[in-house]
Structure formats: C-alpha cells, structure tokens
Amino acid sequence: MSEVYSYRELVDLLNRYARSYYTEDAPEVPDAEYDRLYRTLVELETSDPSIIAEDSPTRRVGDAVLSSFDKVTHKVMLMSMGDIFNNDELLDFDRRMREFVGTASVEYCAEPKLDGLAVSLIYESGILVQAATRGDGRVGENITANARTIKAIPLRLSGKSVPDYLDVRGEVFMPRDGFERWNENARQNGGKVFANPRNAAAGSLRQLDSKITARRPLTFNAYYVGECRGLELPDTQYGRLKTLESLGLPVNPHIRVVNGVQGLREYYEDILTKRSGLNYDIDGVVLKLNSLQLQKEMGFTAKTPRWAIAYKFPPEEMMTTLVDVEFQVGRTGAVTPVAKLQPVYVGGATVSSATLHNEDEIRRLGLKIGDTVIVRRAGDVIPQVSGVVEHKRNGTEKEIIFPEVCPECGSKIERLEGESVARCTGELVCPAQLREGIRHFVSRDAMDIEGFGDRIVEELVSSGKVKNVADLYFLTENDLSSLLLDPGNDNHKPRLLGTVTAKKLVMAINKSRVVPLDRFIYALGIRDVGSSTARTLASHFERLSDLMKADFNALTNLPDIGTVGAEHIVDFFREPHNLEIIDRLVAKPWESLFSAGIELSPLPQRSETDALALPLAGRTYVLTGTLESMDRNTAKEKLQELGAKVSGSVSKKTYAVICGADPGSKLTKATELGLRVIYEEEFLQNLSKLSLAEKQ
Ligand code: 9MJ
C-alpha cells in the first residue's frame, strides 16, 4: 500500500487498532498490517526523537529502571469492599438497601469480581499521566511506567468529548491463557513460576524495570470513577461504565443491571456457571446500587461503602494434605510425578490428584509427603499444587524420592542435560509406554477406533495379547470376548468382555483400515508430531514412503517443523522396530502375508496459491458440542478441505465457533469474546453452498 500518514495520524491509527484488538476484542486489521505501520512509526521517531508523542505506542515497551516506587496519595480513597458468602447474607444486604431506598425492589449494577490488583489511572486532558496501586487505599505506589506497558490501558482517551480530569479505577490482571503459557515456559526454562494469576499480576506490576512488565501478559478492566471533571457523567454506575467504554477504556462484558434480590441471585448463579469458561479468574460478583445519588446518600462505614458488597464464590484454591506421590509413565516414556491428595472440593469438583509436572517442580515447591499443600483448580485447566504451607509441618513429613528406574518396567530413567523431562528408557519393554501408545493410536484424531477404553487397553497389554499397535489388527472376536476386565472397584468381580462388545470392537478395527495419511502419521505417536504437524507432513509428502525417506533438511524446510521436531521424525523412521510395525500395518497383501492391510488415502495436493484461493482460507474455526449430522473428524476435514484451520481452543484469533448439542466451555468463551457462533443447521447450509462453489 502506498498511503502516506502524518506522524499524528500514524499514532492515532495504531492506537485505534490496538484498542480494537485489546479492548474491543475485534481486530480491524491483520497483525502484519499493525506491525508494518508500527515499523514506520519507529523509523519516524528514530529520525526525529523530538516528535515522540505522550501516547505513542512505542512508549509501551518500558522505560528507565527505577530504584524504588514513589508514593502517591490518592485524592479520593480507593475503597475496599465488604464480603458476603451465602444467600442469607445476600437477603440481608438487599433488605438494608430496600429499607434505605424505601422501595419494594432496588436496581443494582452487578459485576464480576475480578481477582487481580486494583489501580487508579489519572487522565489529564485525555492523556494517561499517572497510574498508582491501591496500597492501603490512601497511599499507593506510582506505577505509571509499568501501566503504560499494558496494551489494554489507553495512553490517550478516545471519543468525542474527553474530560479535563479523570481518576478511573479498575483491575489489572493476567488472563488464564497468558498465565498458563508463562508458567509452562518458565517450568521448561527455569524462569519464575507463579502460584496463580493474581500473584503473577502483582509480581509483574511490582517490577522496577518496566521492560520486564512489558513482557508479561497483563490486561485491565475499568469499573469505577473516582473523580471526573469537565465531563458530565450519567447518574448511574452502569451509565458511567458505558461512558468509560466510549472513552476507550475496557469494561467487563458481563456487567448487567438487575432488579431486586431475585435479580442478584440469578446474576450470581449465571456468572458462577460461566466462571470456568472465562479466560480470567474471578472470585465472586460485586453488587452495587445503580443510582449514584443513592450511593452518595448511603455513604461509607469506616472502611467500606454501604451501597456495595462482594458476594464471594467458593474458592478455586484450597488446602489439603499430600498423601503420596506417584510416578506415571507416558507414551514417550516421560515420567510425570502426580500428587495424590486427601480429596478436597475446589473450583467446583472434588480433586484427589494433581500434576506435579517434573522433578524440578517438586524441588521448586519444596514439597514433602504429608505436607499441607495449596491446590488450585481454575477453569478447564488440570488441578495444580501451587504451594506448600510450611508452618503446618510437624516433622513427620517425608522427602520425595524421584525414582531411578521405571515403576512399570524397571528400566533406567534418564534425564538428558538441559531437559526438564525424565524418561523411561524401556521403550519396547515398558507396558506403560505401550498402553499409552495404544490409547493414542486408537484416539479420535488418530485411527479413531471406537470402544477401546482404558480397561480394555490395560488388559490387552497385561495379557500379552497386544505387544504393539499392529497386533490390534490381528485380534479375533475370541481374543477379545475372553478378556477379563478388572472393574476397578473392590466390591465387584472381574467380568468377561463378552461376544457382543467383542464383535463391535472388531468392526471398529476393520472400519479403521482405510485412513487419511495425516491421521495415520499422527497415530504413530512420533514425539512432537501433533495433528497439525501430521497434516503438514501429509500434504507435503504424498506418500508415507516419501516421508520415511525425508532427511533433516527437507523436514525443517516445512512450515511449523523445527529442528527438534525434525530430529524426532528422522529418528523415528530410523528405528528398526518402528519400521517393522509400520510394515505390518501398511504392507500390501502381496508384499506380506502378515499385514494389517491399512490403506492410506493421500490428502488432495494443492499449491500454495490454490490454498489461499479456498473460500475459508485464513479463517480459524473451533468445534464444540456434538453435531448430529456428522462426527467431529468429518466436520474438521470438511472445513479443512475448504481451506479453514480448525483449532482445539477458542481465542481472539478464532473466526467462529461451530456449536453442536451440549456445547462445553468453548461456547462460553466464544460468547465472552463476542465471536460468531454457528449452529449446526447454518453450518450445514454454508458447507453445501461452499462445497458447490468449490467444485465449479
Ligand atoms: C472488581 N474487583 O472486579 C470494584 N471490582 O468498585 C468491581 N471492584 C470496585 N468493582 C468500587 N467490579 C470499588 C471497587
């Protein structure tokens, strides 16, 4: 594009794009366009630093390192909020409000209670001039340099009329996906692991070097006006939030006006249901009188407003006892320590085990058996042990000893230099690796062989009937029907699998004998080769034999395949035992009498330009729930044939979510992000229209 922007236009445009991305969750332009304009801006500022504006996005990368934070005295105190925990206390709160207001039903502004750090932002003539932490409510710390790095905080207010002075309050927090990504990376690279997103936000905001804050995935929501001059504000809390929104400040999308105690109760229940699907931690709802006039009349107690209350949710962190640590061996031999816990109700479920990731994590936490630990279960993430309560120790706690040999096969456990993962070296002799390998092989995105539950796989391996995945294809109805399944429950006797189930299993195995190449590659369980890499490989190498011959360079030239992945692929196809299994799976009947005879269907080849011309090119879809008309794999393939990407998780990059019956938390998240949701009927209509157009 050959447009020429003035410096001011460029700053405004970039700020607008950032706002639509970070505040409105509705990107206007692709990331590449933002990056291109940003580079132009940097060039302009480098050639003449005197032009750098207060609100230039380049000022978000961090400033000089401070030796300490200055103290800031808040002109208007930052209040704290009283807590309630049950319905009786809610009734009490509403009764107090009704008695004061003198009406039968009171209007409230109901808001999710974000679990981060309260801050005050001061805008003068629309420019962010100061950010401060809450501190004790009266005196906080000046964190302006750090706040500037948070993309959701506008450096300049937008909109038609901007106040001369605005003190806006809100919460800085770390979204769950950013927190998980941060910790995952820290665990692998020895960085700082945080116990929960709140600590992560606090630790990030407390950095004296704002360049460090700039690297942390923080965000912000505004929820209260401390003071405003030079702009008439609406006389309700909700109206004021709408004004804040119109000034370019992000406001939580789940805030509602509700009536009476019934409205409050329904709101609480509704947000509680949505909680696990949100991408951020909330610890309750905040209920405020909606009328500013009534708020003013009610005033404050010594510490808290009389006109608002925090109705807390059951906690997502609880204390319990670490009873034992077990070591589980995965498909690739990775040994994962798993905490066995005294069962505890946390985050909406009873938790009795939690991952401990690896040996370093045990050391980092300083964990001992018998310890009182903090268990965190938030959203869809698997439960974690986030800390140890050391002062609860009584001296009987025992050290955790990481095993030197595999608990399942006795082979040596090895941990390579620089790797956080320890692995069982037993490979072929290790029943755990075989079990997990079979589970993966039969799974939905791999060979999709229905009916092979954990117990059946376990028994097939322990009885010696299946020694590798190729053996599955030689199982007879007799082999299967005579399997004795352990019910996993002391009160019940083992039971025979029976002929009906056996027949179904054999049919499922037979059905999988024709399979697309990418699914077969994925099923092989090569380290680092997930479904999407398998697809890349299948579309590049038309035949399995070509992939098997591919060298390191040919592989690293492909998109999404790094040096480590390429090495794993090359190593996999060098291993004689793997070659033997592949041969038994796919050899033609005339080549081998002992072949499973699996037929691999190649992916239709497309040139890159063809692919870009496909109707759904560049769009990412997510599937949730059960479609009536087709299974998930078919839906996925149909979308991919039309050029779409199909992802397992919802993010801002998702174009639309396709929703079947009983959708999960992905639908909640999609709604939260304001994404398009397509239901089955519309999906089918679109598919048939697009497929027809494709063929023409
Ligand atoms: C949180 N934490 O989400 C307030 N809050 O309003 C909401 N906190 C608040 N409002 C006035 N939604 C003081 C604090």
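In the loop between which two helices is Asp528 found?

Modeller: Asp528 is found in the loop between helix H16 (517-523) and helix H17 (531-540), where helices (DSSP runs of H or I, at least four residues) and strands (runs of E, at least two) are numbered from the N terminus. Before going further, please keep in mind that this is a predicted model, in which local features need pLDDT of at least 70 and side-chain atom pairs count only at pLDDT 80 or more, while totals for chains, interfaces and linings use all residues. Residues are numbered from 1 along each chain as its sequence is written, and side-chain values use heavy atoms, with hydrogens and water left out.

Asp528 has a positive phi of about 70 degrees, although it is not a glycine. Most residues other than glycine have a negative phi. Asp528 is also exposed, with a relative accessible area of 51%; here exposed means over 50%, buried means under 20%, and partly exposed lies in between, with a 1.4 Å probe and protein chains only.

An α-helix has 3.6 residues a turn, so residues three or four places apart point the same way.

Asp448, however, counts as partly exposed, at 24% relative accessibility.

Strand E4 (residues 117-124) and strand E5 run antiparallel and are joined by six bridges, with strands said to pair if DSSP finds at least two bridges between them. The hairpin of E4 and E5 has two residues between the strands, and Ser125 in its turn has a positive phi of about 45 degrees. Glu124 has Ile127 in E5 as its bridge partner, and five of the seven residues of E5 (residues 127-133) are buried. In the hairpin of E13 and E14, which also has two residues between its strands, Gly347 takes a positive phi near 55 degrees; strand E13 (residues 334-346) and strand E14 (residues 349-355) pair in the antiparallel sense over six bridges.

As for the setting of these parts, the protein holds 25 helices and 26 strands. Its radius of gyration is 29 Å, close to the 26 Å that the globule rule gives for 696 residues, so the protein is as compact as a globular protein of that length; the radius is taken over C-alpha atoms, and the rule is 2.2 Å times the number of residues to the power 0.38. The C-alpha trace spans about 85 × 70 × 55 Å along its principal axes, and 47% of the 696 residues count as buried. Of the contacts with a separation of 6 or more, 67% are between residues 24 or more positions apart.

Technical notes. Contact means heavy atoms within 4.5 Å.
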